[in-house]
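Welcome! Here are some exercises to work through with the model open beside you. Try each task before you read its solution.

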Amino acid sequence: MTPQLSRRGFIGTGALGIAGAGLVAGKDVQTATAIPLESPLSIAEVPTPALLLDLDAFEANLERMARHLAAKKIGMRPHAKTHKCPLIARRQIDAGAIGICTAKVSEAEVMVDAGITDVLITSPVVTHDKIERVIVLAQRAPGLEIVVDQSQGVRDLAQAAKAAGVTQRVLIDLDTGTRRTGIPPGAPALALLEELLRHPTLRFDGLQAYAGHVMHVSGFEPRKARSLDSLARCLETKSLFEQAGHRVPVFTGGGTGTFDIDCDVPGMTDLQVGSYIFMDTQYRSIGDRDSDIFDTFAPSLFVLTTAISQPSDGLITVDAGFKAIANEPATPPQFLEFPELRYHYGGDEHGIVQFPDERRPLRLGDKAKLIVSHCDPTVNLYDVYYPYRNGRVEELWPVAARGRSQ
Ligand SMILES: Cc1ncc(COP(=O)(O)O)c(C=O)c1O
């Protein structure tokens, strides 16, 4: 399918301001394709703040997860809310993903426009405009699924599908204890299934049980206990459905924090891993099976920042603040090469870096890579990734679903 979105205006204005680096000016560059640079950039030439992607680390993460889940015979359904980039979604599918997830309808639209058609929308919709968009999208993407978690939503979706003459594929979203979305497991979920099955324009594909409150539990064993506990209640619902004579082909959930836990749970069909491709300080802080740092997956995503001012000797100011790195107060950004330096948010546009001793590894004009606090909302602050290998950037990857939160 031909990608339909373009960044003509964005490219035409030369908004990246790379003198001499030369984007392909005047071309109708699609958001689903890489934007070649006329001449490669070294990392030192990248204008800051910028979103850097270390291709070697990214590809190692991609392969590690793919190999792990293939060995466990569990499907990989990566969450594209992390990267918002069809080029990355395509890499995940090439690595064996059975499809991708998106959080929102508008993100799914971008992915379908880019030719990625097996998409699960993991948040319910209730308003008529959104339901309409789902049904329209499903006509271009037969693999499109969406979760439902209450009966009015089921009825409205069924009616819209009937009006369009299509069958809409749905999963029932269970509340795993996060209390964010989902119907309580057990009898309420069974009642919702029975309602759903009364509508021939809906096809029941299975259950979603994503335990968002568990992903960042500190320590492998406590995280494992919490995850198994929340999944157990949801798997009882699966059995309840089956005892009532209904097939449950899909039982999807899990994320990066439980990638090595949920894969061993009988009944789980696929994992919705998101952050593993990039990692961030929040995830690194939760610890691993045998380490205080969760480092099975390496950080591959960085914000490149420049030291631009030094009002006093023990501090230096960089050009990346709240508008460049999403804030997670408990786990601030960390410099990849200088772990001893302390980054503090210095407002919208600035970060203030504290030197712990007399050494001054960062000087005015220097650029340095920050591991971000939280990858998903940080990515959403940028138009493009600067992917690099051996210190060179040869093309840009559009964050095509940037701002697609509808
Ligand atoms: C429904 C759902 N599934 C999967 C994920 C992916 O989680 P992670 O980035 O922790 O791998 C998320 C992230 O918030 C999510 O909301």
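A salt bridge is a side-chain nitrogen of Lys or Arg within 4 Å of a carboxyl oxygen of Asp or Glu. Please keep in mind that this is a predicted model, in which local features need pLDDT of at least 70 and side-chain atom pairs count only at pLDDT 80 or more, while totals for chains, interfaces and linings use all residues. Residues are numbered from 1 along each chain as its sequence is written, and side-chain values use heavy atoms, with hydrogens and water left out.

**Exercise 1. Find the salt bridge between Arg169 and Asp205, and describe its surroundings.**

Step 1: Look at the distance. The closest N and O atoms of Arg169 and Asp205 are 2.8 Å apart.

Step 2: Arg169 belongs to strand 7 (residues 168-173) and Asp205 to strand 8 (residues 202-209), so to speak distant parts of the chain, 36 residues apart, that the pair links. Helices (H or I, at least four residues) and strands (E, at least two) are DSSP runs, numbered from the N terminus.

Step 3: Check the accessibility. Buried means under 20% relative accessible area, exposed over 50%, and partly exposed in between (1.4 Å probe, protein chains only). Arg169 has 22% and counts as partly exposed, whereas Asp205 has 4% and counts as buried.

Step 4: Look for shared partners. Salt bridges that share partners join Arg77, Glu145, Arg169, Arg203, Asp205 and Asp270 into one network. By the salt-bridge rule, the count comes to 23.

**Exercise 2. Which residues form salt bridges with Arg389?**

Step 1: Start with Asp56. Its salt bridge with Arg389 has its closest N and O atoms 2.8 Å apart. Arg389 lies in strand 17 (residues 384-389) and Asp56 in helix 2, so this pair ties together parts that are 333 residues apart in sequence.

Step 2: Compare the accessibility values with the cut-offs. Arg389 is partly exposed at 31% relative accessible area, and Asp56 is partly exposed at 42%.

Step 3: Go on to Glu59. The side chains of Arg389 and Glu59 meet in a salt bridge with an N to O distance of 3.0 Å. Here too distant parts of the chain are linked, with Arg389 in strand 17 and Glu59 in helix 2, 330 residues apart.

**Exercise 3. Describe how helix 2 and helix 3 cross.**

Step 1: Recall the idea. Two packed helices are described by the angle between their axes and the distance between the axes. Axes are lines fitted to C-alpha atoms, for helices over the stretch in contact, and angles run from 0 to 180 degrees between N-to-C directions.

Step 2: Read the values. The axes of helix 2 (residues 55-71) and helix 3 (residues 86-94) come within 10 Å and cross at roughly 40°.

Step 3: Name the arrangement. Angles under 35 degrees count as roughly parallel, over 145 as roughly antiparallel, 65 to 115 as roughly perpendicular and the rest as oblique. Helix 2 and helix 3 are therefore oblique to each other.

Step 4: A crossing is left-handed if the near helix is turned anticlockwise from the far one by less than a right angle, and right-handed if clockwise. The crossing of helix 2 and helix 3 is right-handed.

Step 5: List the contact (heavy atoms within 4.5 Å). Phe58, Glu59 and Leu62 of helix 2 meet Ile88, Arg91 and Gln92 of helix 3.

**Exercise 4. What are the axis crossing angles of helix 7 with helix 8 and of helix 6 with helix 7?**

Step 1: Take helix 7 (residues 187-197) and helix 8 (residues 220-243). Their axes come within 10 Å and cross at roughly 45°, which makes helix 7 oblique to helix 8. This crossing of helix 7 and helix 8 is right-handed.

Step 2: Find the contact residues. Ala187, Ala189, Leu190 and Leu193 of helix 7 meet Thr237, Leu240 and Phe241 of helix 8.

Step 3: Turn to helix 6 (residues 151-164). The axes of helix 6 and helix 7 come within 10 Å and cross at roughly 15°, which makes helix 6 roughly parallel to helix 7. Ser151, Val154 and Arg155 in helix 6 meet Leu192, Glu195 and Leu196 in helix 7.

Step 4: Finish with the buried side of the picture. The buried residues of helix 7 are Ala189, Leu190, Leu192, Leu193, Glu195 and Leu196. These buried residues pack against strand 6 (145-148), helix 6, strand 7, strand 8 and helix 8.
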